[in-house]
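Here's a quick briefing on the chain shown below. Have a look at the fold, then go through the points by topic.

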Amino acid sequence: RMYGMVKSELMKMRHTFSMKLVFFAPLATLLLGYILSGSYVQLSAYNWWYTIILPVLVSMLSASMIVRERNTGMQNILCLPVSSSKIWLGKIMALILLVLEANLLLWLATTAAGFAASMEVSPLNGLIGCILLALTFVWQIPLVMLLTSLMGYFPALILSVGANLLLSTIGAEKSWFFLDPYAIPARVVCPFFGMHPNGLPLENGSSLLDGAAAVPGVLIGLTLLVLMTWVGSRLFGKGARKYD
């Protein structure tokens, strides 16, 4: 049944602007990287991706998922013989698949660009980095969905993107980076993309070349995903019943 719910959510998004973003955002990032950095397109594209483009993409996908339900008075949920918590989970799982897909598309595009220009990030390191980005960003999905159900589309979008821009690099290079969930993605990909969160290449012997930070970073991200999913399912259910 959950498979059918996830498939249904993806079908509802098939012709939406949000679904188009999943494909166009990675390509736009690659083009931006090439325009700004030429043969160093890989480093530039990856940096723009996790500092700006991916946060915007995750925020827009998550907010759009909920605003459709708000605009119909939650009727699409109330008429289904399924609990609102399961519908909430189905929406999250659908968005997780889209975020993973977008990251893999970026990896394919930047790897192809590396063969054509300069291979600054190996295909394996690029793949690991993109998967880590997906795993450390997905906790924001239920958070943005919850904010949208409570505040509306634009307030939730502005709050989410603003938090990412302000907090993503503040603690990324500190030993306490794990206390700032928004900084975790920028930290865990450092050894795989070979650059600082600000886009500068890592120096030989830099402590950021140690990939050990990836394990606690992913665990924290997945823990937050479970927590926010649970909290959101409780509040989302109440919000749906409010329209009944």
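A contact here means heavy atoms within 4.5 Å. Among contacts in the chain between residues at least 6 apart in sequence, 75% link residues at least 24 apart. Keep in mind that this is a predicted model, where local features need pLDDT of at least 70, side-chain atom pairs count only at pLDDT 80 or more, and totals for chains, interfaces and linings use all residues. Residues are numbered from 1 along each chain as its sequence is written, and side-chain values use heavy atoms, with hydrogens and water left out.

**Fold**
- You'll find 11 helices and 0 strands in the chain, counted as DSSP runs (helices: H or I, at least four residues; strands: E, at least two) and numbered from the N terminus.

**Size and surface**
- The C-alpha trace spans about 60 × 35 × 30 Å along its principal axes.
- Some 51% of the 244 residues are buried, meaning under 20% relative accessible area (1.4 Å probe, protein chains only).
- The accessible surface is about 11,400 Å², with 70% of that belonging to carbon and sulfur atoms; areas come from the Shrake-Rupley method with a 1.4 Å probe, and for residues only the protein chains shown count as cover.

**Cysteines**
- With a disulfide taken as a pair of cysteine sulfur atoms within 2.5 Å, the count is 0.
- Cys130 is in no disulfide, and its nearest cysteine sulfur, that of Cys190, sits 14 Å away.
- Cys130 counts as buried because its relative accessibility is 1%.
- Cys190 also counts as buried, at 1% relative accessibility.

Definitions and conventions
Buried < 20%, exposed > 50% of the residue type's maximum accessible area, 1.4 Å probe, protein only.
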